[in-house]
Amino acid sequence: MKNAGAYLFMYSMVAYPHGADILNYNPAMMSEREADFAVSSYVAGVKLGSLSLSSGGKWGLSLFYLTSGTMDKMDENGQVIGSFSTNHLAIGAARKEKLRERMDVGASFKLLYQ
């Protein structure tokens, strides 16, 4: 995964120098027509993935998902009474505009499901 550090640090990156995934951190830095795709699988059934598309620097689309795998559901006495899992999905769109010669502005909008 090209920028795994971003996922590990909860999207705390401010600027990433290249790649379509930049629209998740700083959409004003989108510059080329690109696509990024990443999928990871961890222990206990935890899975995450992302897809980012940049249309040449003006528009971008993103998709991110995370699934927890199955976990035991317990009562107050520590007895297993079933199981559950969690799912998270973020769908986003971003736009970039040039304000001046060396000044760009960007904005993003995300729909979240948990």
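Analyst: Happy to! A salt bridge here is a side-chain nitrogen of Lys or Arg within 4 Å of a carboxyl oxygen of Asp or Glu. This is a predicted model, in which local features need pLDDT of at least 70 and side-chain atom pairs count only at pLDDT 80 or more, while totals for chains, interfaces and linings use all residues. Residues are numbered from 1 along each chain as its sequence is written, and side-chain values use heavy atoms, with hydrogens and water left out.

Let's start with Asp 104. Lys 98 makes a salt bridge with Asp 104, and their closest N and O atoms lie 3.2 Å apart. Asp 104 also forms a salt bridge with Lys 96, with 3.4 Å between the closest N and O atoms. For accessibility, buried means under 20% relative accessible area, exposed over 50%, and partly exposed in between (1.4 Å probe, protein chains only). Lys 98 counts as exposed because its relative accessibility is 52%, whereas Lys 96 is buried at 15%.

Now to Glu 97. Its side chain meets that of Lys 58 in a salt bridge of 3.6 Å, N to O. Lys 58 sits in the loop between strand E2 (47-55) and strand E3 (59-67), and Glu 97 belongs to strand E6 (residues 87-100), so this pair ties together parts that are 39 residues apart in sequence. Strands (E, at least two residues) and helices (H or I, at least four) are DSSP runs, numbered from the N terminus.

Ser 40 lies in strand E1 (residues 33-41) and is buried, with a relative accessible area of 13%. Ser 40 and Ser 50 are 10 residues apart in sequence, and their C-alpha atoms are 9.3 Å apart in space.
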